[in-house]
Amino acid sequence: MATNLALISGVLTQRELRYTPKGTPFLEVVLVGKRPAGSLQVFFRGELTFYGKLAEGWAEGLEVGQAYQASGRLEYEQWEKDGVKGSRIRIVGDELFALEGAEVRQEEKGPVLYGAENRVLLSGNLTQAPELRQGKNQTPLAKASLAFTTWEPTTAQARTHYIELEAWRERAAPFSGLGKGAPVLVEGALKTEVWEDKELRTRRYKRVLEVQRLQRLGRIRWNSKAA
C-alpha cells in the first residue's frame with residue numbers, strides 16, 4: 001500500500017469521546033500549534049480521531065492545555081445530505097504521547113505550542129497533469145491532485161483516497177513535466193482553506209497539502225518467473 005503518515009503536535013483544546021451505532025468508542029481531539037516556516041510561525045489546527053479501547057482510556061487522562069504529539073494517517077471521505085454533496089480529509093490517529101518541556105505560549109485565544117509539527121508523508125499517483133501558473137505577486141504555483149490507497153481490514157480490500165496538492169515558489173518546479181498517473185512521494189503540511197459559498201450561504205472548508213518536497217518514483221519490473 002502507499003506511504004501514508006501524518007505527524008501532528010499541538011496543545012489540546014478539545015476532546016470528546018463518542019460511540020458509533022455499533023458501540024465502537026472513538027475519541028475526537030483538537031491540537032493547535034505554530035509550525036516554523038522560514039522566519040515565520042504558521043498557525044494550524046489539527047483534528048484527529050482515535051478508535052477503540054485506547055481511545056476510551058485516553059479520554060480519561062487527556063488534559064486541555066497540555067501539549068501532545070500524535071501520529072496517524074489521512075483518509076478521504078464523501079457523503080450526501082439533503083441533496084448536497086460533501087467531502088473532507090480527516091486524520092485517523094494511531095498513537096498519542098504527552099510532550100514534556102514543550103514551548104507552550106499563552107496567546108489571546110489560548111495556549112499554543114510553538115515549533116509544533118505538522119508533517120504529512122504520502123506516496124501515490126497524480127490524478128491528472130499538474131497545473132503550473134503564477135499565483136499572488138507572480139509567484140510560481142503548482143496545483144495537482146494525488147490518489148493514494150489504504151488497506152481496509154474489515155472489507156479485505158484496498159480503498160482509494162484523494163487530496164489536493166499545492167506547491168509555491170521553487171517547490172513548484174519539480175511538478176513540471178509530470179503527467180497523469182505519475183507515481184510520486186510528497187512531503188508537506190496540511191492547511192485549511194476557508195471560503196464563503198454564496199449559493200448555499202454557508203462557510204466552506206477544504207484541506208490541502210502544501211508540498212515542501214516531491215520525489216518522482218520509478219516502477220520496478222516484476223519477474224513473474226521468480227514468484
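**Strands, a pocket and charged pairs**

Modeller: Asn 125 has Ala 147 of β10 as its bridge partner. Keep in mind that this is a predicted model.

Biologist: Which strand pairs with β10 in the antiparallel sense over 2 bridges?

Modeller: That is strand β8, residues 118-126, while β10 covers residues 140-152.

Biologist: How many bridges join strand β9 to β10?

Modeller: Strand β9, residues 131-134, is joined to β10 by 4 bridges, and the two run antiparallel. One example is Glu 131, whose bridge partner in β10 is Lys 143. The hairpin of β9 and β10 has 5 residues between the strands, and Asn 137 there takes a positive phi near 55°.

Biologist: How many bridges join β10 to strand β11?

Modeller: There are 12, and β10 and β11, residues 157-168, run antiparallel. Within this pairing, Phe 148 has His 161 of β11 as its bridge partner. β10 and β11 also form a hairpin, with 4 residues between them. Ala 156 in that turn has a positive phi of about 55°.

Biologist: How do the side chains sit along a strand?

Modeller: In a regular strand, side chains alternate between the two faces of the sheet.

Biologist: What does the lining of the second largest pocket have by class?

Modeller: The lining of the second largest pocket has 11 nonpolar, 5 polar and 10 charged residues.

Biologist: How should I read a salt bridge?

Modeller: Side chains of opposite charge can pair when their charged atoms come close. In this model the count comes to 20 salt bridges.

Biologist: Which side chain meets Arg 73 in a salt bridge?

Modeller: The side chain of Asp 94 does, at 2.8 Å from N to O. Arg 73 lies in strand β4 (residues 67-81) and Asp 94 in strand β5 (residues 84-98), so this pair ties together parts that are 21 residues apart in sequence.

Biologist: Which side chain meets Arg 159 in a salt bridge?

Modeller: The side chain of Glu 75 meets Arg 159, at 3.7 Å from N to O. This pair links distant parts of the chain, with Arg 159 in strand β11 and Glu 75 in strand β4, 84 residues apart. Arg 159 is partly exposed, with a relative accessible area of 29%, whereas Glu 75 is buried, with a relative accessible area of 8%.

Biologist: With which residue does Lys 143 form a salt bridge?

Modeller: Lys 143 forms a salt bridge with Glu 166, and their closest N and O atoms are 3.3 Å apart. Lys 143 lies in strand β10 and Glu 166 in strand β11, so the pair ties together parts that are 23 residues apart in sequence. Lys 143 counts as partly exposed at 25% relative accessibility, and Glu 166 counts as buried at 3%.

Biologist: Which residues do salt bridges that share partners join into one network?

Modeller: Arg 73, Glu 75, Glu 77, Arg 88, Arg 90, Asp 94 and Arg 159 are joined into one network in this way.

Biologist: Is Gln 69 buried or exposed?

Modeller: Gln 69 lies in strand β4. Gln 69 counts as buried because its relative accessibility is 18%, and the cut-off for buried is under 20%. The side chain of Gln 69 makes a polar contact with the side chain of Glu 117, at 3.3 Å.

Biologist: Is Trp 222 buried or exposed?

Modeller: Trp 222 is exposed, with a relative accessible area of 72%. Its place is in the segment after β13. Trp 222 and Val 194 are 28 residues apart in sequence and 44 Å apart in space, C-alpha to C-alpha.

Notes:
Residues numbered from 1 in each chain as written. Predicted model: local features only at pLDDT ≥ 70, side-chain atom pairs only at ≥ 80, totals over all residues. Heavy atoms only, no water. Pairing = 2+ DSSP bridges. Nonpolar A, V, L, I, M, F, W, Y, C, P; charged D, E, K, R; others polar. Salt bridge = Lys/Arg side-chain N within 4 Å of Asp/Glu carboxyl O. Buried < 20%, exposed > 50% of the residue type's maximum accessible area, 1.4 Å probe, protein only. Polar contact = N/O pair within 3.5 Å; in protein donor to acceptor, adjacent residues only side chain to side chain.
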